[in-house]
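Thank you all for coming. I would like to walk through one structure with you this morning, slowly enough that everyone can follow along on the screen.

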Amino acid sequence: MASSTVQPRASRASDARPNMKTESQTALVWRRFRKHRLAVISMVLLTLIFLLSLFAPLVAPFKIDHLDPTYKFVPFMTVYKPTGQVYIFGSDQLGRDLLTRLLYGARVTLSVAVLVASLSCAVGALIGAVAGYYRGIIDTALMRVLDFTSGIPDLPVLLILASILLTDPKLLPLPDFVTRIFEALLLVREREARSVVVIVLVLTILGWTGVARLTRGMVLAVREADYVTASRSLGMGDTSLILRHIMPNVLAPIIVAFTQSLAGAFAAETALSFLGFGVQEPAATWGNMMSIAQNNIFENRVMPLVVGLPILICSLAFNFIGDGLRDALDPRLKM
Amino acid sequence: MSTNAKNTNPELLEVTNLVKYFPIKGGLLQRTVAQVKAVDDISFSVKQGETLGLVGESGCGKTTIGRTVLRLTPATRGSVRFQGKDVFKASVSEMKAMRKDMQIIFQDPYSSLDPRMPVGESIGEGLLVHGMSDTKKRNEIVIEMLRKVGLEDYHARRYPHEFSGGQRQRIGIARALALRPKFIVCDEPVSALDVSIQSQVLNILKDLQGEFGLTYLFIAHNLSVVEHISDRVGVMYLGKMVELTDRESLFRDPLHPYTKALLSAIPIPDPTVKRERMILQGEIPSPVNPPKGCRFHPRCPFAVDRCKVEEPQFKELRPGHFAACHVAEDQVAAGK
């Protein structure tokens with residue numbers, strides 16, 4: 001075949017037509033990510049859950065404060081006679097609609113996960129980059145702080161800190177606008193907004209270490225690369241060197257760590273609420289719904305599943321996306 | 001410009017007693033237990049418009065010289081003066097201004113370009129650092145530089161992985177040139193390239209030298225390459241400069257035994273030519289613990305007792321011809 005002998009040459013940059021647009025890094029990553037079927041399914045599922053919870057007031061079958069004890073523990077697809085609305089997933093001990101509460105609860109749980117992951121990745125990446133780039137005494141000091149922080153067992157400290165900070169608001173004075181923002185965002189009351197902020201802070205304080213260590217290691221390798229030396233010989237300062245050359249080259253593993261951090265924060269928030277130290281009733285989160293389900297397991301046997309399955313699915317989805325991204329971003333697998 | 005004319009040019013770069021030791025840390029307290037003597041008391045100068053070649057085995061400190069001269073690695077001792085200004089004592093802002101005039105081209109074309117940045121941006125980066133914020137003006141210069149090294153304007157938008165090694169090396173040259181420097185350290189710029197591409201890149205370097213009046217410190221381990229491009233050549237062995245002279249006398253009449261051994265190792269592309277080879281015995285010693293006396297004496301076929309105890313001085317044995325060797329010194333003095 002004549003065409004097959006000519007083809008390979010077209011891949012060389014010099015031979016390609018000038019007007020041919022080159023594939024950007026993002027397009028390349030996306031193309032490889034799509035091959036990971038589970039990751040794509042997870043991505044679609046999570047996006048769906050995000051959107052549904054974002055538009056919860058519009059899509060939820062009931063109002064969030066609806067309750068009617070005469071309809072407690074009703075099974076799937078029970079019609080609420082007074083208005084004709086349907087308990088699609090059944091109801092809990094106060095006759096509240098489970099689907100509605102799941103949707104509103106997702107707002108809290110997912111926001112906490114996203115916020116904690118973003119904050120701890122940002123803080124971790126910054127600290128790791130500074131430690132790895134400047135080395136010496138700064139590095140040693142930061143790494144000792146890191147060792148100390150990562151040596152603390154997470155859950156006990158989380159329980160203690162959360163309960164102390166939540167019972168006495170004076171210990172942690174928050175600016176008014178912060179709680180105001182969370183009230184509006186999560187559609188909860190001031191007390192709950194406050195506890196969300198506290199949980200986010202505590203989880204971030206304990207969660208930045210992994211990303212920091214990862215970033216430091218990567219930066220240590222990248223800072224020795226010739227292109228960094230080249231930019232230094234052009235007279236570039238440290239800050240622009242870190243931002244323009246070092247960070248873009250260590251970003252891939254940080255993105256993967258971000259999804260893992262999402263999964264971790266998601267599980268931690270759920271666990272806290274389940275144990276009763278997180279966001280309290282009547283505000284819904286997946287964790288405190290799970291604890292209701294556990295307490296009433298003999299009255300409503302499907303409720304643990306109705307609440308547990310979304311938790312399981314989201315946890316898995318975060319991890320699958322992480323796997324997919326890891327494969328897509330790995331430069332050694334360049335195709 | 002002929003070699004003779006260049007001899008009278010003013011000195012652009014003066015290196016005096018440059019020393020660079022890398023500490024080896026060990027033990028519980030990370031104390032310095034030993035030092036790698038990468039560059040040990042070297043002095044030379046580079047004249048305006050000339051190319052000074054620097055050759056030697058790997059690990060002899062060539063690259064370290066290139067990097068310390070540009071203050072990319074801090075020196076242990078010694079001084080480097082560039083256009084009369086002390087490079088090591090310059091303040092941050094003085095250094096930034098000086099960096100505009102001195103650039104570097106790297107050996108490895110695969111790691112010298114940021115893989116996440118289009119090459120046009122890499123080339124224009126120096127301009128941005130030195131205050132040319134006008135994107136349009138910058139792009140013009142980037143395209144001009146790409147053309148100068150034989151690439152096209154549309155290559156500016158591409159990423160490094162889309163280029164071959166030779167093309168990347170030319171991009172590296174374009175980046176070094178964008179600021180119109182006076183002095184460029186070429187750190188083995190062709191060692192990683194195919195032989196057919198080597199001459200291409202060397203010729204680009206030569207053409208650009210003529211066009212912009214550049215001065216090169218050309219580091220290489222290949223004597224044929226150095227012969228092709230240099231006006232003067234310095235030979236290094238284990239952190240020391242052993243011989244320094246103009247190209248003709250080095251290749252015609254080398255004084256130091258190490259240079260002689262290197263020259264006899266140049267392959268001649270003619271299978272019928274038989275010649276005497278001077279094969280060195282043993283390995284290059286560790287720069288952590290260099291031999292006493294002349295560092296070359298354990299491998300030198302001409303070594304005498306004096307070489308084992310007394311370190312030879314780097315002296316001008318003939319006009320413009322420096323060498324550090326007791327035997328050669330005696331021979332020259334005897335009029336041989």
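This is a predicted model: local features need pLDDT of at least 70, side-chain atom pairs count only at pLDDT 80 or more; totals for chains, interfaces and linings use all residues.

Let us start with the overall picture of chain A, which holds 14 helices and two strands. If you draw a box around its C-alpha atoms along the principal axes, that box comes to roughly 75 × 65 × 35 Å. Chain A has 335 residues, and 47% of them count as buried. If we take the contacts in chain A between residues at least 6 apart in sequence, 69% of these join residues that are at least 24 apart. As for the surface, chain A exposes about 17000 Å², and 68% of that area is supplied by carbon and sulfur atoms. There are 31 positive and 23 negative side chains in chain A, and the centres of these two sets lie 8 Å apart.

Now to the aromatic rings, where the count over all chains comes to 15 pairs. Where in the chain do Phe62(A) and Tyr80(A) sit? Phe62(A) belongs to the loop between α4 (56-59) and β1 (78-80) of chain A, while Tyr80(A) is in strand β1 itself, so that the pair links parts of the chain that are 18 residues apart. Both Phe62(A) and Tyr80(A) are buried.

A second pair brings together Tyr133(A) and Tyr134(A), and because their ring planes stand at 85°, with the centres 5.1 Å apart, this pair is edge-to-face. Are these two residues buried or exposed? Tyr133(A) has a relative accessibility of 6% and therefore counts as buried, whereas Tyr134(A), at 37%, counts as partly exposed.

Let me move on to helix α13 of chain A, which runs over residues 286-295. Why do I call this helix largely enclosed by the rest of the structure? The reason is that seven of its ten residues are buried. The buried ones are Trp286(A), Gly287(A), Asn288(A), Met289(A), Ser291(A), Ile292(A) and Ala293(A). What covers them includes α3 (37-54), α5 (98-134), α12 (238-275) and α14 (303-329) of chain A.

We can look at one residue from that cover, namely Thr270(A), which lies in helix α12 of chain A. With a relative accessibility of 8%, Thr270(A) counts as buried. If we leave aside its neighbours within four places in sequence, Thr270(A) is in contact with Thr109(A), Trp286(A), Gly287(A) and Ile311(A).

Next come two residues whose backbone angles deserve a careful look. Met77(A), in the loop between α4 and β1 of chain A, has a phi near 55°, which is a positive value in a residue other than glycine. Met77(A) is exposed, and its relative accessible area is 56%. Arg135(A), which is not a glycine either, has a positive phi of about 50°, and its place is in the loop between α5 and α6 (136-151) of chain A. Arg135(A) is partly exposed, with a relative accessible area of 38%.

Finally, I would like to turn to chain B, where Leu250(B) lies in helix α9, residues 247-252. Leu250(B) is buried, with a relative accessible area of 0%. Which residues does Leu250(B) touch, not counting those up to four places away in sequence? They are Val233(B), Val235(B), Glu243(B), Thr245(B), Thr259(B) and Leu263(B). Val233(B) is 17 residues away from Leu250(B) along the chain, and yet their C-alpha atoms are separated by 7.3 Å. Elsewhere in chain B, the charged end of Lys37(B) sits over the ring of Tyr21(B), 5.8 Å from its centre.

Notes:
Residues are numbered from 1 along each chain as its sequence is written. Chains are lettered from A and ligands numbered from 1 in the order in which they are written. Side-chain values use heavy atoms; hydrogens and water are left out. Helices (H or I, at least four residues) and strands (E, at least two) are DSSP runs, numbered from the N terminus. Buried means under 20% relative accessible area, exposed over 50%, partly exposed in between (1.4 Å probe, protein chains only). Contact means heavy atoms within 4.5 Å. Accessible areas come from the Shrake-Rupley method with a 1.4 Å probe; for residues, only the protein chains shown count as cover. Lys and Arg count as positive and Asp and Glu as negative; His and the chain ends are not counted. The place of a charge is taken as NZ of Lys, CZ of Arg, CG of Asp or CD of Glu. Rings of Phe, Tyr and Trp (its six-membered ring) pair if their centres lie within 6.5 Å; planes under 30 degrees apart count as stacked, over 60 as edge-to-face and the rest as tilted. A charge sits over a ring if NZ of Lys or CZ of Arg is within 6 Å of the ring centre and within 35 degrees of the ring normal.
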